[in-house]
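Subject: Structure handover

Hi there,

Here is the structure I promised to pass on. Please have a look at it first; my notes follow below.

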Amino acid sequence: MRDAAASAMAPLRLVAARRRWDLPGALMAVVIAIVTGLLIYGAADTSGFLTVSNLKAILTATSLVGIISVGMTAIMISGNLFSLSVGQTAAVTATMFLYALRVDLTVAIAAGIALGLGIGAVQGGIVGFLGANTIIITIGAGLLQEGLATWMTNGNSVVPPSGSSSYTHLALPLFGVPFAIYVFFAVAIVAEFVLRKTRFGRQLYLMGENRSAAHAAGLPTALLTTGAFALAGACTGLAGVLIGAASANGSLLLEGTYTYDAIAATLVGGNAVGGGRGSVARTVVGALFIATISDLLLLRGYSTGIQILVKGIIVAVVVVLTNLRRGR
Amino acid sequence: MKLAGPLRAAIRRVSAPYAILILMVAVLAVLPAVSHYSVTATNVYDVLQNFASLGLVALALGTTMIAGEFDLSVTSMYLLGAMVAVLTGAPSPVAGVLLALAVALGVGLIQGGVIAGLRLNSMPVTLGGYLILLGTTYILGHNQTVTYANYSVGLRLDQPILSIFSIRSFVSIGIFAVAALVMAYTRVGRDIHAIGGDRRASRIAGVRVARVVIGVFVASALMTALAGALLGYSLSTASPTIAVNQLTFAATAALLGGVSLAGGRGSPLGIAAGVLTLSIIQELLGILGAASYVQSLVTGGVLVAVASVQGLPAALARMRSLTAWRRPAAPPSSTAADA
């Protein structure tokens, strides 16, 4: 029965293959050319864009969004779409970091990362072991994190203990370059290594490509999903530490637009939203792109609305284009 | 005797949302008797007003879920509907609503068209849609809260009728009734269930899947925009930043109402029960004077719990299949040869 259907489909598939020459590829090239042109024009035309301090600001923003996006990449590659609560996790871990500074800087960093890892692992565990929907669980988890954070802090913002200044090193430049950038590159390299060279990483790719095949092959899919979310949570916690150190004022307001920026960065890099294909290197490019666009729009004085709109258009165009290119 | 098990399970599955609702109504009714808190007609009115504000959003999201899709853009469609109506509806409130619906029609056609035409996953597409509509709402309102000069419209819409209803809640109830009839008795309703249950099978069976998907997204946008527009009149304001928790509420209500995330299961009546249940829970928290974060904790907790429980049977089945080789061999079947 299946064979009959397949042979009946064969000519159709040939037609489809012939028609799939490279219109989407050409379209993509055109879009990339237009966007590059706009960026160059914008960079040349916007006063204050091509200054050392602004480039540093872009790189810092890239790093903070990028570290979270690296974690998001693991989730996406594993075939679990994306998380809608990393912004809240970043805010919560930043607050935890600032609170734990009362003990010691090292403890505070560890606490921020560990809390993020735990928050991620719990969500991943529910998604993986109970087969729950990623989007629903992460929306619910976002609300729970907000509620718990408000409860524990009584709605007050958390500031570092008076007299403590050790944390400021995390927000200061090192050899003239913002510290977050070193962290970002270290995270990106480690994550790329983990995804490409370790058994865990390769199994994530396989699971994202074809979950039922992965399951049939005996891969621990539930555990892998938990691992992907835990990795994302740890990355977000690390970003939270840096965000907390930079703001020195921990509250839910730190959530900002990290959730959508991280999703946009991961998608813009060209990672397959359905999973199985993608890389951290792509995400690094995506994060740089999103941070540059945000900075450019901000410098040119565009309103919040335009900034959100532009990010939305970028997400929509990228989702459509990457899908066209993939073909069916 | 053989049927009793599955039948009982089916009844339990169908009636669970109503059982929870009845329980919540009972709690609301018994509360004054066992404590010093009083429950009045105003509380019932509040619950129905919440039903009026968020019920249609839950119905919109729930309908896309029944069709096996997910419309993440409902939150910003809601805000955009309110913004369009408030900005343009001062001379004629009806015209404002119609304009909001016209915008929604366009949004639904584009989102549904892209998703159905390119067979894309609706989550990333509607995420892009969410951001685009939110940005548009900000731009239309010049990043500010916009006020609606025609206060009388809102008062009229919210004026209590029979002390617990209002025009706004009647509108929601009416649309729920129509949706229930459409889903239960028309071909469209069966098609929506069918494409949510098994898209390939329904395509082969002759369901025009693309049309149904587009229709579902249009319906979602229209219902959300209508609820948003009426809320805008009711509050006499529209803003791009009012509570972003509509999506959480809508998803929780739909799941509580027995809509399956896997698609193919659920009904407007169930969704209505879910909305009322969640509204009563919120009202109870209000009566008890709970802090606002408790609302977040309860809603988030219910959402995670319901979503987890829903995946449980499938997860258990998977685990069973993993350990199947340990059990005595089943009689030889053709499926084993296929694999």
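Let me start with helix α10 of chain A (residues 221-247), whose 27 residues reach 38 Å from first C-alpha to last, close to the 39 Å expected at 1.5 Å a residue; that expectation is 1.5 Å times one less than the number of residues. Helices here are DSSP runs of H or I with at least four residues, numbered from the N terminus. Of the 27 residues of α10(A), 24 are buried, so the helix is largely enclosed by the rest of the structure (buried means 20 or more other C-beta atoms within 10 Å of a residue's own, with C-beta atoms placed from the backbone). Just after α10(A), A:A248 has a positive phi of about 55 degrees.

A word on provenance: this is a predicted model, with local features needing pLDDT of at least 70 and side-chain atom pairs pLDDT 80 or more, while totals for chains, interfaces and linings use all residues. Residues are numbered from 1 along each chain as its sequence is written, and chains are lettered from A and ligands numbered from 1 in the order in which they are written.

Now the two chains: their contact takes 40 residues from chain A and 38 residues from chain B, counting residues as in contact if their C-beta atoms, placed from the backbone, lie within 7 Å. On the chain B side, α13(B) gives the most, with 14 residues. That side divides into 24 nonpolar, 14 polar and no charged residues (Ala, Val, Leu, Ile, Met, Phe, Trp, Tyr, Cys and Pro are nonpolar, Asp, Glu, Lys and Arg charged, the others, Gly among them, polar).

Best wishes

Definitions and conventions:
Helix = DSSP H or I, 4+ residues; strand = E, 2+ residues; numbered from the N terminus. Buried ≥ 20, exposed ≤ 12 C-beta atoms within 10 Å, placed from the backbone.
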